[in-house]
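I opened my notebook for a slow look at this one. Here is what I looked up, entry by entry.

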Amino acid sequence: MSAEKPYDEQDVDDEIDQDEHFISQDDILEEIIDDGDEPMDEDDGDDDTGASVENNSVQIFPDHRKSVFAVAGHPTQALAASGGEDDLGYIWDITDGEVIVKLTGHTDSVTSIAWSSDGEMVSTGGMDGKIRIWRRVGTENYRTWEFLTELQGPDEVMFLKWHPKGNVLLAGSNDSTVWLWQLPSGNTMQVFAGHTGPVNCGAFTPDGKRIITACADGTLLFWDPRSPTPIFKLSAEDARFDLEGITSLKVNPSSTLAVIGGAVGGVRVVSLSKGEVVGTLGGHTEGESIEAVDFVDIPGVGAAAGVAITGATDGKACVWDLATMRLRATLEHSDAITKLLTHPAPKGYLVVSASADKTLRTWDARTGTLLREHTGHRAPVLDASLGLEGSVVISAGDDGFSLVFTTEAVEED
């Protein structure tokens, strides 16, 4: 299908914001107010046992009041954006829980939410097929936002991903299409066709030059954003690749390999230069879906291939050395893992896992050691995001709450 506007790498490069300003970890630990209030105790609906739940979060955001499906920490500021079953999104202050702006306009659940790479825009995606974009007003602070535009095309939005360097937005749809837009104009750059089922997951490669997408029918497609024809395709017809549906994926930092998670426990490593399977990882229970994939930075391990971590509904997170395709460590929850997050440098060996067991946990992936358990939810944790250079993790709960936790002990440097 032809695009309304061709992909222009120079446009993307011109939009890179090189003047990012970060709040230090010390600042956030001083600003967060923990007044001892635990409104989680007010909601007994999801607490089947009646037992009290220790809440060691430093901030609570209760405004959704229904399941929170998605959350994203701002790239530089003490802000989070969340979306939920109440058909709403919010931008809110993670230090005090104050609502900065209510993101309205959806007519069904908001299931995806994402900040642009420079944090100047935020996108919400819903089961209603709408993608709505909001933009910061002015340059003095991040307290005022305006509605920019609504993007239409998908049937039901499955995921949203911004380009790592510019204002280009990628979306996967339940109707097997993949959409690419230029912002702030809202012009459609490309509509990719070739999948045969809901496009569950997709991403730009970290170098920003390519796109990878995968669908529930088990097809993986690798794209040049400027062309509607894929560079390569892998599907269930290739017996070595057959995953009986794809549920998650992640590309390594050097943009050379992708780790693909399947619906029944299989994991494949794919060379993006060759377009073929180069490894099979078998640490998860057969029949359990791979819900999350990420890469961790362990000095001296993984070489250029990297170290991957895969999380599944079997409650395991497996850490893999992709240079040898060997399992290094297994991290465990008592229920399904729903999200995996890796800290930015210099602590890229720290991993946060979120689970349907109502907890999040921070691990040292070098040794598989559990460092902290983050508790307070009374129902499964459906999503999570790091904020402020990894000093906090923000959760999205099926209980209607978003919680903010410090990922490491306050007294640690």
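The model is predicted, so I kept local features to pLDDT of at least 70 and side-chain atom pairs to pLDDT 80 or more, while totals for chains, interfaces and linings use all residues. I number residues from 1 along each chain as its sequence is written, and side-chain values use heavy atoms, with hydrogens and water left out.

**Entry: the whole chain.** I found 2 helices and 32 strands; these are DSSP runs numbered from the N terminus, helices being H or I with at least four residues and strands E with at least two. Of the 413 residues, 57% are buried. I then looked at contacts, meaning heavy atoms within 4.5 Å. Among contacts with a separation of 6 or more, 47% link residues 24 or more positions apart. The accessible surface comes to about 16300 Å², and carbon and sulfur atoms hold 43% of that; the areas come from the Shrake-Rupley method with a 1.4 Å probe, and for residues only the protein chains shown count as cover.

**Entry: salt bridges.** My rule asks for a side-chain nitrogen of Lys or Arg within 4 Å of a carboxyl oxygen of Asp or Glu. How many salt bridges does that give? The count is 11.

I picked out Glu120 and Arg136, whose N to O distance is 2.8 Å. Glu120 sits in the loop between strands S6 (110-115) and S7 (121-126) and Arg136 in strand S8 (131-136), so this pair ties together parts 16 residues apart in sequence. Both partners are buried.

Next I checked Arg132 and Glu150, with closest N and O atoms 2.7 Å apart. Arg132 is in strand S8 and Glu150 in strand S9 (145-151), so the bridge ties together parts 18 residues apart in sequence. Arg132 counts as buried because its relative accessibility is 10%, whereas Glu150, at 25%, is partly exposed.

Asp224 and Arg226 also meet in a salt bridge, at 3.2 Å from N to O. Asp224 is buried at 16% relative accessible area, and Arg226 is partly exposed at 43%. I also noted that Asp93, Glu98 and Arg143 are joined into one network by salt bridges that share partners.

Methods. Buried means under 20% relative accessible area, exposed over 50%, partly exposed in between (1.4 Å probe, protein chains only).
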